[in-house]
Amino acid sequence: MSKKSIPLLFLLFVLIQGCVQNNQHAENNLEKAEAIFNNGEFEKALTYANQLIEKDSSDYVSWTLKARALFNIGKQEEGLKAINEAININPEYSKAYGFRAVMLNLNGMHNLKQIISDLDIALFDDPENIELINIKAGIFYKTGQFKKAKSEYNKLLYLDSTDSKAIVYRASTHKKLGYSGMALEGYNLSIEIDPNQILAYDERANFYIEQEEYGKAISDYNKVIEFISSTQDFQQIKAYSLNNRGFAYLKFGDLEKALVDINSSIKLLPTN
């Protein structure tokens, strides 16, 4: 080896080491930014993400973090633009599709075809992502695709057979498909697993109304109203439950209690 080649090799080694150190530094900063985000400090996480993007505008992971931070501080449109930029930079980054699906779903966007497409891409690489499966199941249920919804709820229960909410949703899907017996079994199982599962009592009460078993419906609505928090956030749910129980009392032949419930419902929610 000539004496002239030694300095060149040394220079190349130094350059490689410098790149490795810079990459390591960037990774450490990104991990710090993600930890801050996970701690709920979204504004601070946004600042870190912007700093990382200033150093490398092609850093699609930082663009993704920026998008999530923006969305969580109420800047939904800016968040969606940022997540789209992350995907434009690296169309193979499947996590970004999952985050975009979550954002579109939470933002009330009705481009369901886009959301499902994003979910499929994200779930291909992360098939056990419970949050994404839940979104997909919910979309299928709301759009009347009950067999597909059932398939997604089966996936959730394969991952966690004690998920009381998933059991309720699958039971309601069974009800929509006409499997009344399986629906009731599901509601009962959910309550057996979690005796405080309000959703199970509410859905079973609705089931009993459809079956014209008004006494059983009243009993379940009693549970729902008993469990509902007195905080303002739950007053709409309570108003609906009072209204439904009032209807059950009416069908049960107790007009006095029916009027009390319906009037109470109107006081809580005049538009009910």
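Okay, some ground rules before we look. The model is predicted, so local features need pLDDT of at least 70 and side-chain atom pairs count only at pLDDT 80 or more, while totals for chains, interfaces and linings use all residues. Residues are numbered from 1 along each chain as its sequence is written, and side-chain values use heavy atoms, with hydrogens and water left out.

So, how confident is the predictor? pLDDT is its confidence in each residue, from 0 to 100. The mean here is 90, and 88% of the residues reach 70 or more. Residues 1-5 fall below 50, and that stretch has two contacts beyond near neighbours in sequence; contact means heavy atoms within 4.5 Å. Residues 10-22 are also below 50, with zero such contacts.

Now the helices. They are DSSP runs of H or I, at least four residues, numbered from the N terminus. Axes are lines fitted to C-alpha atoms over the stretch in contact, and angles run from 0 to 180 degrees between N-to-C directions.

Let's start with α7 (residues 130-142) and α8 (residues 146-159): their axes are 7 Å apart, at an angle of about 155°. That makes the two roughly antiparallel, a label for angles over 145 degrees. The crossing is left-handed, as the near helix is turned anticlockwise from the far one by less than a right angle. On the α7 side, the contact residues include I130, I133 and F140, and on the α8 side they include F146, Y153 and L159. The contact splits into ten nonpolar, two polar and four charged residues. Nonpolar covers Ala, Val, Leu, Ile, Met, Phe, Trp, Tyr, Cys and Pro; charged is Asp, Glu, Lys and Arg; polar is the others, Gly among them.

Next up, α9 (residues 164-176) and α10 (residues 180-193). What angle do they cross at? Roughly 165°, with axes coming within 7 Å. They are therefore roughly antiparallel, and the crossing is left-handed. Among the residues touching are I167, V168 and H174 of α9, and M182, Y187 and L189 of α10. Here the count is eight nonpolar, five polar and one charged.

Then there's α11 (residues 198-210) with α12 (residues 214-227), at about 155° and with axes 8 Å apart. So α11 is roughly antiparallel to α12, and this crossing is left-handed. In α11, Y201, R204 and Y208 are among the residues in contact; in α12, Y214, D220 and F227 are among them. The tally is ten nonpolar, one polar and five charged.

How many aromatic pairs does the whole structure hold? A search finds seven, where rings of Phe, Tyr and Trp (its six-membered ring) pair if their centres lie within 6.5 Å. Ring pairs link Y187, F207 and Y208 into a cluster.

Notes:
Angles under 35 degrees count as roughly parallel, over 145 as roughly antiparallel, 65 to 115 as roughly perpendicular and the rest as oblique. pLDDT is the predictor's confidence in each residue, from 0 to 100. Rings of Phe, Tyr and Trp (its six-membered ring) pair if their centres lie within 6.5 Å; planes under 30 degrees apart count as stacked, over 60 as edge-to-face and the rest as tilted.
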